[in-house]
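Have your viewer open and follow along.

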Amino acid sequence: MLDRLPPITRTILMINLAMFLVTWMIPEIDNMFRLSYDQAVENLQIYQFITYQYLHGDFWHLFWNMLMLFFLGPVLEQMWGPKLYLQVYTIAGIISGILHITFSPFPVVGASGSLYAIFTAFALYY
């Protein structure tokens, strides 16, 4: 089933699943890669603006995010091409992370920011 997905969508799904399993086995990884103001801004760990997008709090968080990606991602990836699709996905996640740490003191994980951009683009097209 995954072999029928376009390459970027398939890769994002697989990375998210792999990271979920890794953080389940080694919970300390979550602390290193989740996005928090203290670490990302004050300690200049800016890689967290990318890495937090591939972590999830629990199974259902992962499930619903990846379900949305599974159904909507391939349509946009085929329409835009893999490069633009990955750029939109990643930049939306970075912007979402910036907004989150600007308005909330709590760390964040998940692809929801990226996926809301995908969802919005899909809704605007269709």
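What covers the buried residues of α7? In this predicted model, the cover includes α5 (59-80) and α6. The buried residues of α7 are Gly 113, Ser 114, Leu 115, Ile 118 and Ala 121. As for its length, α7 has 14 residues and spans 20 Å from its first C-alpha to its last, close to the 20 Å expected at 1.5 Å a residue.

Ser 104 sits between α6 (82-103) and α7 (112-125). Its relative accessible area is 19%, and because the cut-off for buried is under 20%, Ser 104 counts as buried. The side chain of Ser 104 reaches the backbone nitrogen of Phe 106, at 3.3 Å.

Next, turn to α1, and look at how it packs. Two packed helices are described by the angle between their axes and the distance between the axes. For α1 (residues 7-25) and α6, the axes come within 10 Å and cross at roughly 40 degrees, which means that α1 is oblique to α6. On the α1 side, the residues are Ile 8, Thr 9, Ile 12 and Asn 16, and they meet Pro 82, Tyr 85, Leu 86 and Tyr 89 of α6. Sorted by class, this contact of α1 with α6 has six nonpolar residues, two polar ones and no charged ones.

How do the axes of α1 and α5 cross, and within what distance do they come? They cross at roughly 170 degrees and come within 9 Å. Angles over 145 degrees count as roughly antiparallel, so α1 and α5 are roughly antiparallel to each other. From α1, the contact draws on Pro 7, Ile 8, Thr 9, Ile 12, Leu 13, Asn 16, Leu 17 and Phe 20. From α5, it takes in Phe 59, Leu 62, Met 66, Leu 69, Phe 70, Gly 73, Pro 74 and Glu 77. The residues of the contact of α1 with α5 divide into 12 nonpolar, three polar and one charged.

One name is listed in the α1 contact with α6 and in the α1 contact with α5: Asn 16, which belongs to helix α1. Is Asn 16 buried or exposed? With a relative accessibility of 0%, Asn 16 counts as buried. The side chains of Asn 16 and His 56 are joined by a polar contact of 3.4 Å. Leaving aside neighbours within four places in sequence, Asn 16 is in contact with Gln 53, Tyr 54, Leu 55, His 56, Leu 62, Met 66 and Tyr 89.

The C-alpha atoms of Lys 83 and Met 25 are separated by 32 Å, the two residues being 58 residues apart along the chain.

The other is Leu 44, in the loop between α3 (37-42) and α4 (48-51). Leu 44 counts as exposed, at 66% relative accessibility. Check the backbone there too. Most residues other than glycine have a negative phi. Leu 44, although not a glycine, has a positive phi of about 55 degrees.

Notes
Residues numbered from 1 in each chain as written. Predicted model: local features only at pLDDT ≥ 70, side-chain atom pairs only at ≥ 80, totals over all residues. Heavy atoms only, no water. Helix = DSSP H or I, 4+ residues; strand = E, 2+ residues; numbered from the N terminus. Buried < 20%, exposed > 50% of the residue type's maximum accessible area, 1.4 Å probe, protein only. Polar contact = N/O pair within 3.5 Å; in protein donor to acceptor, adjacent residues only side chain to side chain. Axes fitted to C-alpha atoms, helices over the stretch in contact; angles between N-to-C directions. Parallel < 35°, antiparallel > 145°, perpendicular 65-115°, else oblique. Contact = heavy atoms within 4.5 Å. Nonpolar A, V, L, I, M, F, W, Y, C, P; charged D, E, K, R; others polar. Expected span 1.5 Å × (residues − 1).
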